[in-house]
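Q: Could you walk me through this one? I'd like to take it piece by piece.
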Amino acid sequence: MYGLLLEVVADVIREKFGENAWDEVKHKAEIPHVNFVRHQVYSETYMFRICKACSELLQMSRDDLMYMLGEAFVHRITKKGYSDILKILGRNVRDFVNGLDNLHEYLQFSYPKLRAPSFIVTEEDFNGITLQYKSRRRGFTNYVKGQLEAVCMEFYSTQVLIEVRSENMIGEMTCIEYRMTFDNSHMSHFVADRPKSSLNKNLYVSSSVFFHLFPFNVVFNENMAVLSLGASLKTIMDECTGRAIDEVFTIKKPPISFTYSNVLNHLNNVFELVTIENVGPNRDEIEESSNTLTLRGQMLLMEEWSAIVFLASPLINNLDEMAKSGLFINDLSMHDSSRELVLAGTQQSVELKLALDQEEQKTKLLADNLKKLDKEVKKTDQLLYQMIPKTVAQQLRRGISPVDTCKLYDCVSIVFTDIKGFTNICSGVQPIEVVKMLNTMYTLFDRLSDQYQIYKVETIGDAYMGVGGCPNESE
């Protein structure tokens, strides 16, 4: 889990309940970090521990708390520079929901270890959309609900009623079905018949041109048989033609079983296919599944061919990976940025790695310094609370006038202790024995004072002074 989510949680608790509340939650949840770094990965258990502590300390149900945090997350990230991404996902709620599964694709470069959930539209009508959410995380049902409602209102000024229809576990995946009810009249633009151009009768593209234009396409029919491959893909996987596509590739994204009907139902999603077998000139000498090729792209139904074509580009991080896969720069498309991305990535990889290493060192140094600062602050607090009551110190920190912290109490109890014959005792034993005796006695007094909410005023020699009923009123 990236620090961005936890950072927002901390900000919300501080804002709504105060700094002291967040300190108590953090202590109860056993969170060792002073602050969260946005691009750093933290334990997946942090969110659950924080929510459990909040429920107990702040008297909130877990469902209400998660909904509030999901809603607040949207409002917060708009102030952290992510509003532009949300705005361009679509012109309306329908566009946004249909493109929601692709949102995390845009964040992969900033958050490379992101374990992205899946959002798939399973049903749609003029009254709304049925959305399926899949994730390896559990307990985020109301968190996602709060996010969806907040985005629809914040960016599309649309009130959406969201109902959780079902929640199931499929293997390690949490599968939740939401019914989003809203005015989905924009659907009419996609249902209505589109005007046909007269040019369609005269414009034809031969298959050879098509396969050269999209060198990494895969065409397969309803029987899942691979009919043809793009020109570049054919050079390294020619033997795959005629085989079942699910024997050649596995689906990495979206998380669905590889069937023809499933692909048809998810044409709005970005697909990632990974070769089952190794590719490249030395594939027989390489360890199993260590040199596979990943293709990312769009599935498109070609009614004239009675088939689906997968228009894709290879995901290649550097020139070394390209060489191992048996591909060359001229195998990549010229009409898109594939070549530029590979070359630019290779040229900047060294500088980027150095910059990331330096940033990690700075982050670690900052975290260490914050921990040291937190320890010093705690020491200062302990010293301060020995001089004045904790409630008074907190009021002074909030800027309240010292005079306004004064309060009249109707009834208080004051205790003074004195050791009879203390002077004679001191003259008859070693000094260290006197210190041990006083330490044992005052430690017991302090424990009793905490138990019965007695404020310890002062200890001088063998004298111990405490006050009951002030500043915390008690019986």
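Q: Which helix is Ala10 found in?
A: Ala10 is found in helix α1, in a predicted model where local features need pLDDT of at least 70, side-chain atom pairs count only at pLDDT 80 or more, and totals for chains, interfaces and linings use all residues. Residues are numbered from 1 along each chain as its sequence is written, and side-chain values use heavy atoms, with hydrogens and water left out. Helices (H or I, at least four residues) and strands (E, at least two) are DSSP runs, numbered from the N terminus.

Q: And why does Ala10 count as buried?
A: Because its relative accessibility is 3%, and buried means under 20% relative accessible area, with exposed over 50% and partly exposed in between (1.4 Å probe, protein chains only).

Q: What does Ala10 touch?
A: Leaving out residues up to four places away in sequence, Ala10 touches Trp22 and Phe36, where contact means heavy atoms within 4.5 Å. Ala10 and Phe36 are 26 residues apart in sequence, and their C-alpha atoms are 8.6 Å apart in space.

Q: Switching to holes: how many cavities of 30 Å³ or more are there?
A: The count comes to two. On a 1 Å grid over the protein atoms alone, a cavity is a set of points where a 1.4 Å probe fits but cannot get out, whereas a pocket is an open set with protein on both sides within 12 Å along at least five of seven lines, and lining residues have an atom within 4 Å of a point. Grid points are joined across faces, edges and corners, and a volume is the space filled by probe spheres set on the points.

Q: What is the volume of the largest cavity, and which residues are closest to its centre?
A: The largest cavity has a volume of about 630 Å³, and of the 28 residues lining it, Phe73, Leu103, His104, Leu107 and Gln147 are the closest to its centre. The elements giving two or more residues to this lining include α1 (3-17) and α4 (62-79), while the largest share, five residues, comes from α8.

Q: How does that lining divide by class?
A: The lining of the largest cavity has 23 nonpolar, three polar and two charged residues, with Ala, Val, Leu, Ile, Met, Phe, Trp, Tyr, Cys and Pro counted as nonpolar, Asp, Glu, Lys and Arg as charged, and the others, Gly among them, as polar.

Q: What about the second largest cavity, what is its volume?
A: The second largest cavity has a volume of about 70 Å³. Its lining is made up of twelve residues, with Met237, Cys240, Val248, Glu277 and Asn278 nearest the centre, and by class there are five nonpolar, two polar and five charged residues.

Q: Now the second largest pocket: how much space lies in it?
A: About 1100 Å³. Of the 28 residues that line the second largest pocket, Asp23, Glu24, Asp374, Lys378 and Asp381 are closest to its centre, and α15 gives the most to this lining, with ten residues. The classes there are eight nonpolar, six polar and 14 charged.

Q: Which residues of α16 are buried, and what follows that helix?
A: The buried residues of α16 are Val392, Ala393 and Gln394, and the helix is followed by Gly399, which has a positive phi near 90°.

Q: Last topic, then: in what sense do β5 and β6 pair?
A: Strands β5 (residues 218-221) and β6 (residues 226-229) pair in the antiparallel sense over three bridges, where pairing requires that DSSP finds at least two bridges between the strands. Val218 stands opposite Leu229 in β6, and among the four residues between the strands of this hairpin, Met224 takes a positive phi near 70°.
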